[in-house]
Amino acid sequence: MSPTRKLAALPCGRRSKWVVLALWLVLLVAFGPLAGKLMGAEDNQASSWLPGNAESTQVLNEQRAFQPVDTAQAVVVYQRTGGITPEDRAVATRDAVGFAAVPHVVGPVVGPVVSADGQAMQTVVPIDIGSNGWNDLKPAVDQLRRTAAADSHGMTTHVTGPGGVAADQAAAFSGIDGSLLAATVSVVIILLLLTYRSPVLWALPLISAAGALTVSQALIYLLAKHAGLTVNAQSAGILIVLVLGAGTDYALLLTARYREELRRHEDRHEAMAFALHQAGPAVLASSATVVASMLCLLVAQMNSTRGLGPVCAIGVVVALAAMLTLLPALLVIVGRWVFWPVRPGYGTPEPTRTGRWAHIGAWIGRRPRKVWAGTALALAACCVGLVSLDANGLGTAGTFTGKPDSVVGQQVLEQHFPGGTGAPLTIISTAAAAPAVRDATRTTAGVSATTAPVVHDGQALFQATLADPPDSQAAKDTVDRVRTAVHAVPDANAKVGGSTAVVLDAGRAAGNDNRAIIPLVLGVVLLILAVLLRAVTAPLVLIATVVLSYAAALGISAFFFAHVFHFQGQDNAFPLFVFVFLVALGIDYNIFLMTRVREESAQHGTRQGALNGLAATGGVITSAGLILAGTFAVLGTLPIVGFAEIGFAVALGVLLDTLVVRSVLVTALTMDLDRHMWWPGRLGPGAGSGQR
C-alpha cells in the first residue's frame, strides 16, 4: 500500500476509528466552554475596523490624551411642530440633569439647545464606549430614550448621533451568533434531508460541522485573547456560516464517494480508505483555495478586512480536519445501515451513471461549442446590471434594513439644525498653532461652527460642525477641504478626524484593498489549480468562468438591490468580500468536477471523461451548492444591509456557479477543447496515471 493510501486509511481503520473519535471528544470537552466566550472577545471599537495608518484613526488614538476614555456622542432630539414651549425647555433641562447620572455617561452634558426655527431641541450626551465597544452604548442609550420619553408632554423624542446609531447597530447584532447558528443549522438539516433522503445520515455531517465550529471558535478566542487576533461581530458571524457551509460541502463530496465505493468494496473500512484516497486531494485543494484566498486579506489596509482573513482561514482548516477524520470515523463506525432506506450494497450498480446528470452531459455533448457560447453570452448579459452598483459606502439611513430610532432622529435633526450637528469633526494640532488651525477650519466652505480649542500637554483639540449631513458626499468633500487647509498651517501637525472622516478614510482604504487583493487572490487560486490539474489551459479556463460568474452575480444583485429591495447603496468592501467568497468557494465546485474528470479522462479520454465526471459529481455538487447558498442566504435575515447584501450576492453566485457555470459552461468547454484542456500535458488512455 502506498504512503498516501496508508495515510488515508488512518481515520477509518478498525481500531484507529475509535482513537479518532476519542480525540475529537476530548477536544470538544476541552474547547466547548471556550467557544462560548468568543463574543466576549470581540473588538467592535471604531479603531478595530479602520486602517491603522489613516488620519482619522490617528485622531482617535491621540484624543485619548484629552479624554481618558473613548466616547461617542448621543444626541437627544425633542420636536414639537407647533413650536417648543418654555415648559418643554424646562422638561429637557431636567432630563439633561438625569442624563448625567446614567451609567457610562461621562463629561458634561451639553444642552438643551433650541433650533433656529423654534420647533426642536437637542442635548448632546457623551457616552463612554469602554473596552466592550458598542455593547456598553446600548444600555446607556436605552436609558436615555426612556428618560426622554417618560415626561415629554406631547413632544416626539429620539436619540441619534454616533452614540445612538452605534447602539442600534449593537441591538441589530445582539444575539447574532445564536440566531445565525440556529437559522444556519435549520437550513443545513432541511437540505441534508432532501439530499440524502435518509432520516439518519444527515446527522453525521452536521455533528462533524458543529464540532469543527466549536473547536474553531475556541481557537479563535484563544488567539484573540492572547495573540492579538482582531475579531469583531462581522467576522464572528461570517465564521458560523462559512464553517457550517464549507464543512457540509466537504462532507457531501466525501460521503458521495464513500457511497460509490461501498458498491465496489465489501469491507466498509476499505471503501472509506479508497474514498479518502480518491476524494482527499480534491477536498484538500478546495480548502487550500479558500484558506489561501482568506489569507490574502492580510494585506488589506482595513483592520476589519485584515482580521476576517485569519478568522475564516482557521475555521476552514478545522472544518477540513473534521471532515477528513471525524466524519470518516463516524461513517465507518455506524456502518452501511446509516444510508437507509437506500443502502449501497456491494456489487449493486452505481445510479449516477444513468441518472439526470448523465442525460444533461449527453445533451451538452451533442453541441458543446454552441452550449458554452450561449451560456457565456447569457452570463455576460447579466453583467449589465453592474451599472446599478453603488459601492461607495452606506449612510446612516442606509445601514439598516428597517428604520430604527437613530435614523428617524437623524432625519429630524437635519430638518432643524445644521446637517453635521451631533457628528462634528475633531481636529488636533500643536497648541501654538491652534488659533491658526481653527481659523483655517472656520473659514473653510462647508463648516458652520467651531468650538474653542482645549489645550493639554502641548496639543490642542477642537471640534467643527459641518453644514451638511455627516454621511453625505458634500460632508466628505468638506473633510478634504479642511484637511488641505489645516495641513498648510506651518508647524501645526494638524489632523482631522470624526465620524465623517472615518467613513471617508474607510472608503478609500476599501478601494485600495479591492485593487490589491482581487488580483492577488486570482493569482494564488490559479497557481493552486495549475499544481492540482498539472496543466495550464484548464486553470485559465476555470478562473475565467468563475470571474464571469462573479460579474454576473454582482450584476444581478446590484439590479435587485437598486430596483427591488431599494437599498441606498453598498458598503465599500462589498465587491471584495463577494469576490473572495465566490472565487474561493465557487472554484471548489470546479475542483470537485475537474479532479474527477481528470481521473476519468486518463482512462476514457477527455470527452468521455467529462461526461463521466459530470454524471458522477453532478448530484453531490448541486446539493453542496444548494446548502452553501442556503447558509449564506441566512445572512439576509439580519437587519443590517451590509450582511443582507453579502448573503444575497454570495448565495446567488454559488447557485449560478453550481447550476450553470460548473454543470454547463465548464463541461461544454472541456468537451470542446478536448485533449487541449490539459495542455501542456497529455491525458488519455495510456497517457495518464489515473488507473485503479
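This is a predicted model: local features need pLDDT of at least 70, side-chain atom pairs count only at pLDDT 80 or more; totals for chains, interfaces and linings use all residues.
Biologist: Thanks! How are the rings of F561 and F574 arranged?

Modeller: Rings of Phe, Tyr and Trp (its six-membered ring) pair if their centres lie within 6.5 Å; planes under 30 degrees apart count as stacked, over 60 as edge-to-face and the rest as tilted. F561 and F567 form a tilted pair, at 5.7 Å centre to centre and 40° between the planes. For F561 and F574 the centres are 5.8 Å apart and the planes stand at 70°, so this pair is edge-to-face.

Biologist: Which helices does the pair of F561 and F574 tie together?

Modeller: Helices (H or I, at least four residues) and strands (E, at least two) are DSSP runs, numbered from the N terminus. F574 is buried, with a relative accessible area of 3%. Because F561 lies in residues 537-563 and F574 in residues 574-604, the pair ties together parts 13 residues apart in sequence: helices α20 and α21.

Biologist: Which residues do ring pairs link into a cluster?

Modeller: The structure holds 11 aromatic pairs. Ring pairs join seven names into one cluster: F559, F560, F561, F565, F567, F574 and F648.

Biologist: Which residue lies over the face of W357?

Modeller: A charge sits over a ring if NZ of Lys or CZ of Arg is within 6 Å of the ring centre and within 35 degrees of the ring normal. R598 has its charged end over the ring of W678, 5.9 Å from the centre. Over W357, at 5.3 Å from the ring centre, you will find R662.

Biologist: Why is strand β5 described as largely enclosed?

Modeller: Strand β5 covers residues 425-430. The rest of the structure largely encloses β5, because its buried residues number five of the six.

Biologist: Which residue of β9 stands opposite T426?

Modeller: Two strands pair if DSSP finds at least two bridges between them. β5 runs antiparallel to strand β8 (residues 459-466), with six bridges, and T426 stands opposite Q463 there. With strand β9 (residues 495-498), β5 pairs in the antiparallel sense over four bridges. In β9, the residue opposite T426 is G497.

Biologist: How many disulfides are there?

Modeller: A disulfide is a pair of cysteine sulfur atoms within 2.5 Å. By this rule the count is zero. C296 is in none, as the nearest cysteine sulfur, that of C312, is 13 Å away. C296 is buried at 6% relative accessible area and C312 is buried at 0%, and the number of disulfides is zero.

Biologist: Where does helix α22 bend?

Modeller: α22 spans residues 606-633 and contains G619, and 22 of its 28 residues are buried. G619 is partly exposed at 33%, and its C-alpha atom is 7.1 Å from that of W357, 262 residues apart along the chain. Taking the bend as the angle between axes fitted to the seven residues ending at a residue and the seven starting there, α22 bends by about 50° at T617.

How values were computed
Residues are numbered from 1 along each chain as its sequence is written. Side-chain values use heavy atoms; hydrogens and water are left out. Buried means under 20% relative accessible area, exposed over 50%, partly exposed in between (1.4 Å probe, protein chains only).
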